[in-house]
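Open the model in your viewer and keep the selection panel at hand.

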Amino acid sequence: MTCLSITSMREKFQYKVFKSKPSFIVVRCVHSSCSWRVRANKLVESEYWMVTKYEKKHTCPTDFKPVRRRQATSWVVGECVKRRLINPGRVYRPRDVMDDMKRKFGVDISYSIAWRGRECAYENLRLGTPEQSYKLLPGYLHMLMDTNPGSVVNLEVSDENNFQYLFIAFAASIHGFSYCRPVISIDATHLKGKYRGVLFTAVCHDANQQIFPLAFGVGNSENDALWTWFLGRVKSVFGVNPALVIVSDQHHSINNAVQEVFPQAFC
């Protein structure tokens, strides 16, 4: 049906479902006197459909112009624009979706349909919703621990079982830190997904002067409580070195957390 909807927009006509059953479907042009129609039957024990009848020619009046493009649903719009979202760094706004649909198909869609269409495209490319991805976290962390023995993970959830904090330190990072200078750089960056959030990182330099990742964390925002929680996990995993130096951008929450967790460190 998605291909049929895209074809109808490209060829400037509209159709409606005339008959529909689990085993077959018949669609016709929206104009009552038009002979255009398609019938498809569902193949036995298969997800595929086979077109069994196709009246290609339209006999509706040439000046017939339906007011609303009924085939331009959010799902169809998402299928039309999903290739534009393959590059994760691209900013693609609903207004851009509206412009692309107008340019490619001559279809005017509302801002809300453009927004929902973009979200459908994201879900299609991700093979799931953000909510489904969060539900996969416990299984992912279990496999991470199973394939990387010695790693440390910590997943915090609320009383309603909603995601709150995540901490990951791989075994290779834990073992390798003992061969690095006791200088840790910490920072955070904002995430751009549906639920936003912040990604926390702790890194240092190895003997080859290369960046050596130590730990990662994810939380809801950059605040005192979350920085204190993240640095507390870093301390429990990597220990305390009297000569420890912490490099940061001097964010006030970082300063407060360092004073509480690493009061002896030079920051």
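Start with the open sheet: 6 strands in the order β5-β6-β9-β8-β7-β10, with mixed pairing. Two strands count as paired if DSSP finds at least two bridges between them. Helices (H or I, at least four residues) and strands (E, at least two) are DSSP runs, numbered from the N terminus. This is a predicted model: local features need pLDDT of at least 70, side-chain atom pairs count only at pLDDT 80 or more, and totals for chains, interfaces and linings use all residues. Residues are numbered from 1 along each chain as its sequence is written, and side-chain values use heavy atoms, without hydrogens and water.

Next, select β8 (198–205) and β9 (211–219). They run antiparallel, joined by 8 bridges. Find T201: F216 in β9 stands opposite.

Contact means heavy atoms within 4.5 Å.

Now select α9 (252–261). Which residues are buried here? They are S253, I254, N255, A257, V258 and V261. Buried means under 20% relative accessible area (1.4 Å probe, protein chains only). These buried residues pack against β7 (183–190), α8 (224–238) and β10 (245–247).

Finish at α2 and α3. Show V77, C80 and V81 in α2; they meet V97, M101, K104 and F105 in α3.

Key:
Buried < 20%, exposed > 50% of the residue type's maximum accessible area, 1.4 Å probe, protein only.
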